[in-house]
Amino acid sequence: MFKSLLSVGEVARRAGVAVSALHFYERKGLIQSIRTNGNQRRYERSVLRRVAVIQVAQSVGMTLEEIGQALAGLPADKAPSTEDWERMSAYWHDALNARIGQLERLRDGLSSCIGCGCLSTETCPLRNPGDRIGRSGRTGAQFLTNAS
Ligand code: FES
């Protein structure tokens, strides 16, 4: 019954990842195994492509949660198809663009702080971006004692 399935060691060797990484991915629900009568893990061959997708997504900065959300829509026993990959990579492309936009805004805010060091709650764009503190209604000592 388990003859065509791969052991955890075979998957690790073929995918180029540590056995502990496979166990971790499984705990996070990114991959699934079947257990033998002796409680050993066995994997469908399609897990190799899933692991490749996980590795590529991690290499471009996707979190395991984001990867898990993308993989959740796919059958666990089927390798992601070209169409699946197209959909996932398009979503991750947009997520990366959003992240790049956030980093650019942080970088631009930091420019006015270079050489300053005031960290003012009124004027520093990093300390109080978009006047977050003013909008919260907390000011002065109230802000300092309730800051979270
Ligand atoms: S540290 Fe002074 S404006 Fe940010």
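Gly73 sits in the loop between H4 and H5; helices here are DSSP runs of H or I, at least four residues, numbered from the N terminus. Gly73 is exposed, with a relative accessible area of 64%. Exposed means over 50%, buried under 20%, and partly exposed in between, with a 1.4 Å probe and protein chains only. Gly73 and Arg107 lie 34 residues apart in sequence and 35 Å apart in space, C-alpha to C-alpha.

The model is predicted: local features need pLDDT of at least 70, side-chain atom pairs count only at pLDDT 80 or more, and totals for chains, interfaces and linings use all residues. Residues are numbered from 1 along each chain as its sequence is written, and side-chain values use heavy atoms, leaving out hydrogens and water.

Leaving aside neighbours within four places in sequence, Val51 is in contact (heavy atoms within 4.5 Å) with Ala15, Val17, Leu22, Tyr25 and Ile31.

Next, the domains. An automatic or database assignment sets the bounds: domain 1 covers 6-111 and domain 2 covers 116-148. Their centres, taken over C-alpha atoms, are 39 Å apart.

Finally, Leu126. Its place is the loop between H5 and helix H6 (132-136). Leu126 counts as partly exposed because its relative accessibility is 34%.

Methods: Helix = DSSP H or I, 4+ residues; strand = E, 2+ residues; numbered from the N terminus.
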